[in-house]
Amino acid sequence: GAVVSQHPSWVICKSGTSVKIECRSLDFQATTMFWYRQFPKQSLMLMATSNEGSKATYEQGVEKDKFLINHASLTLSTLTVTSAHPEDSSFYICSARHPLGGRLYEQYFGPGTRLTVT
Amino acid sequence: AQKITQTQPGMFVQEKEAVTLDCTYDTSDQSYGLFWYKQPSSGEMIFLIYQGSYDEQNATEGRYSLNFQKARKSANLVISASQLGDSAMYFCAMREGRGGSEKLVFGKGMKLTVNP
């Protein structure tokens, strides 16, 4: 099946610094990627939809200036957590929509990035 | 209002037995899709099975089958012959919207533990 990677798989940063997470579709071109956030023992919450070459669409309540999303190419989307605080510590998961997927609008998920802000 | 409801926070099942994980959904769309994902402790989301709203047959994928009851808006996952490796979190999700604006909405998940 289609492969989506994320880098790094885990990161620890100090409060006030910025962290960039990369999401890559390795064997297909993804015009649309999605970023999710998952707190411990909770569900995945969609943060934003990232479309190649255009601005991301953020879900209600997600600060676009804090969570910067850049979908610069058909295989790469990045999420930058700016001025991170301990409450930003979470598991961030990206997914990519396969344009030719057999199941309508199927999303392929990356392995996730665990962010810890100290 | 919750769009995906998974009422069972956790379940235990004996190895080799079948187990049903409940999921109900709420939508006014005619076209939608229902997914089940498995999330082991490693965190990756593993696709298990998909059911389209217009599919007349219940979906099956190996040991997984989806009991789709459209009128009741339920999409229960049935795992036959449970294995120890099936122990994980399971999420039901619904795809709503259409190309360019579609999104996946997830339920709260439920934890399945398979006992030897």
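A salt bridge, for this tour, is a side-chain nitrogen of Lys or Arg within 4 Å of a carboxyl oxygen of Asp or Glu. With that rule, one salt bridge is found across the interface of chain B and chain A.

Some housekeeping before you start clicking. This is a predicted model, in which local features need pLDDT of at least 70 and side-chain atom pairs count only at pLDDT 80 or more, while totals for chains, interfaces and linings use all residues. Residues are numbered from 1 along each chain as its sequence is written, chains are lettered from A and ligands numbered from 1 in the order in which they are written, and side-chain values use heavy atoms, with hydrogens and water left out.

**Stop 1: the interface**

Select B:Lys103 and A:Glu59 and show their side chains. Here is the salt bridge, with 2.8 Å from N to O. Next, look at the elements on the side of chain B that touches chain A: strand E5 (33-39), strand E6 (46-52), strand E10 (88-96) and strand E11 (103-106) of chain B each give two or more residues to it. Strands here are DSSP runs of E with at least two residues, numbered from the N terminus. E11(B) provides the largest share, three residues. Colour this side by residue type and you will find seven nonpolar, six polar and seven charged residues. In this scheme Ala, Val, Leu, Ile, Met, Phe, Trp, Tyr, Cys and Pro are nonpolar, Asp, Glu, Lys and Arg are charged, and the others, Gly among them, are polar.

Now widen the selection to both partners. In total, 20 residues of chain B are in contact with 18 residues of chain A (contact means heavy atoms within 4.5 Å). Together the two chains bury about 1700 Å², 55% of it on carbon and sulfur atoms. Buried area is the accessible area (1.4 Å probe) that two parts lose on being put together, summed over both. The interface also has three residue pairs in polar contact, both residues at pLDDT 80 or more. A polar contact is a pair of N or O atoms within 3.5 Å; within protein, one must be able to donate a hydrogen and the other to accept it, and residues adjacent in sequence count only if both atoms are side-chain atoms.

**Stop 2: the aromatic rings**

Show every Phe, Tyr and Trp. Over all chains there are 14 aromatic pairs. Rings (for Trp, the six-membered one) pair if their centres lie within 6.5 Å; planes under 30 degrees apart count as stacked, over 60 as edge-to-face and the rest as tilted.

Zoom in on B:Tyr25 and B:Phe68. This pair is stacked, at 6.5 Å centre to centre and 20° between the planes. B:Tyr25 sits in strand E4 (residues 24-25) and B:Phe68 in strand E8 (residues 64-69) of chain B, so the pair ties together parts 43 residues apart in sequence. B:Tyr25 is buried at 4% relative accessibility, and B:Phe68 is buried at 10%. The cut-offs are under 20% relative accessible area for buried, over 50% for exposed, and partly exposed in between (1.4 Å probe, protein chains only).

Move on to B:Phe35 and B:Tyr50. Their ring centres are 4.7 Å apart with the planes at 55°, so this pair is tilted. B:Phe35 belongs to strand E5 and B:Tyr50 to strand E6 of chain B, 15 residues apart. Both B:Phe35 and B:Tyr50 are buried. Then select A:Tyr36, A:Phe109, B:Phe35, B:Tyr37, B:Phe47, B:Tyr50, B:Phe91 and B:Phe106, which ring pairs link into a cluster.

**Stop 3: B:Asn76**

Find B:Asn76 in strand E9 (residues 74-79) of chain B. B:Asn76 is buried, with a relative accessible area of 14%. A polar atom of its side chain lies 2.9 Å from the backbone nitrogen of B:Cys23. Leaving aside residues up to four places away in sequence, B:Asn76 touches residues including B:Thr20, B:Trp36 and B:Ser65.

**Stop 4: backbone details**

Most residues other than glycine have a negative phi, and most peptide bonds are trans. Which peptide bond is cis? Select A:His7 and A:Pro8: the bond from A:His7 to A:Pro8 is cis, with omega near 0°. A:Pro8 lies in the loop between strand E1 (4-7) and strand E2 (10-13) of chain A.

In chain B, pick B:Lys16, a non-glycine residue with a positive phi of about 80°. B:Lys16 is in the loop between strand E2 (10-14) and strand E3 (19-21) of chain B, and is exposed at 70% relative accessible area. Finish at B:Ala81, also not a glycine, with a positive phi of about 45°. B:Ala81 lies in the loop between E9 and E10 of chain B and is partly exposed at 38% relative accessibility.

Key: Helices (H or I, at least four residues) and strands (E, at least two) are DSSP runs, numbered from the N terminus.
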